[in-house]
Amino acid sequence: MAMTRIEFFFNVSDKLQHALQLSAKALGKRRKLLIYAQSAAEAQRFQHLLWTQDAVSFHANCSSDDALAAETPLVVMWQDGALPHDDILVNLHAEQPLWFSRFTRLIEIVGVDEADKAAARQRYRFYRDRGYEIRSFDANGGALV
């Protein structure tokens with residue numbers, strides 16, 4: 001089994017909106033996504049964002065505890081639990097999920113506030129120290145150090 005491909009998106013002004021954009025791209029390529037939200041409230045906000053999209057860009061989604069989670073291409077969860085697939089994981093948590101390595105791809109979205117950046121640096125070191133190849137992207141288009 002290949003190692004999980006990890007990508008960090010830094011300096012993101014609106015993490016949920018960025019997750020929504022990445023989701024649309026991935027779903028357009030017929031991939032499956034698991035959005036791992038920081039809290040129940042964040043999970044609900046993300047699902048509400050999905051409903052505010054126009055009918056053409058709406059993507060079917062459900063919570064991880066839904067009976068249809070295994071068949072649904074976009075699943076949202078905020079607590080550890082049964083994982084419906086192992087394709088793409090979008091992490092919005094401050095810590096790395098213990099089960100991230102079962103996914104083909106992990107996307108870390110990092111906001112602009114210093115606490116979020118500090119937590120992301122710890123996750124970055126965690127992955128790097130375990131030999132994962134990491135790609136980094138600056139949402140502002142600037143160079144990453």
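Me: Is Ser 23 buried or exposed, and what is its relative accessible area?

Reply: Buried means under 20% relative accessible area, exposed over 50%, and partly exposed in between (1.4 Å probe, protein chains only). Ser 23 has a relative accessible area of 0%, so Ser 23 is buried. This is a predicted model, in which local features need pLDDT of at least 70, side-chain atom pairs count only at pLDDT 80 or more, and totals for chains, interfaces and linings use all residues. Residues are numbered from 1 along each chain as its sequence is written, and side-chain values use heavy atoms, with hydrogens and water left out.

Me: Where is Ser 23 placed, and with which residues is Ser 23 in contact, leaving aside neighbours within four places in sequence?

Reply: Helices (H or I, at least four residues) and strands (E, at least two) are DSSP runs, numbered from the N terminus. Ser 23 belongs to helix 1, residues 15-28. Contact means heavy atoms within 4.5 Å. With those neighbours left aside, Ser 23 is in contact with Leu 33, Ile 35, Phe 46 and Leu 74.

Me: How many helices and strands does the protein chain have, and which pattern does the chain follow along the sequence?

Reply: The protein chain has three helices and seven strands. Their pattern, read along the sequence, is β-α-β-α-β-β-β-β-α-β.

Me: Which values of phi do Asn 11 and Arg 30 have, and is each residue buried or exposed?

Reply: Asn 11 has phi near 60°, a positive value in a residue other than glycine. Asn 11 sits in the loop between strand 1 (5-10) and helix 1, and its relative accessibility of 17% is why Asn 11 counts as buried. Arg 30 also has a positive phi, near 60°, and is a residue other than glycine. Arg 30 lies in the loop between helix 1 and strand 2 (33-36), and with 79% relative accessibility Arg 30 counts as exposed.

Me: What lines the second largest pocket?

Reply: On a 1 Å grid over the protein atoms alone, a pocket is an open set of points where a 1.4 Å probe fits, with protein on both sides within 12 Å along at least five of seven lines; lining residues have an atom within 4 Å of a point. The second largest pocket is lined by 14 residues, and Ser 63, Ser 64, Asp 65, Met 77 and Trp 78 lie nearest its centre. Helix 2 gives the most, with four residues.
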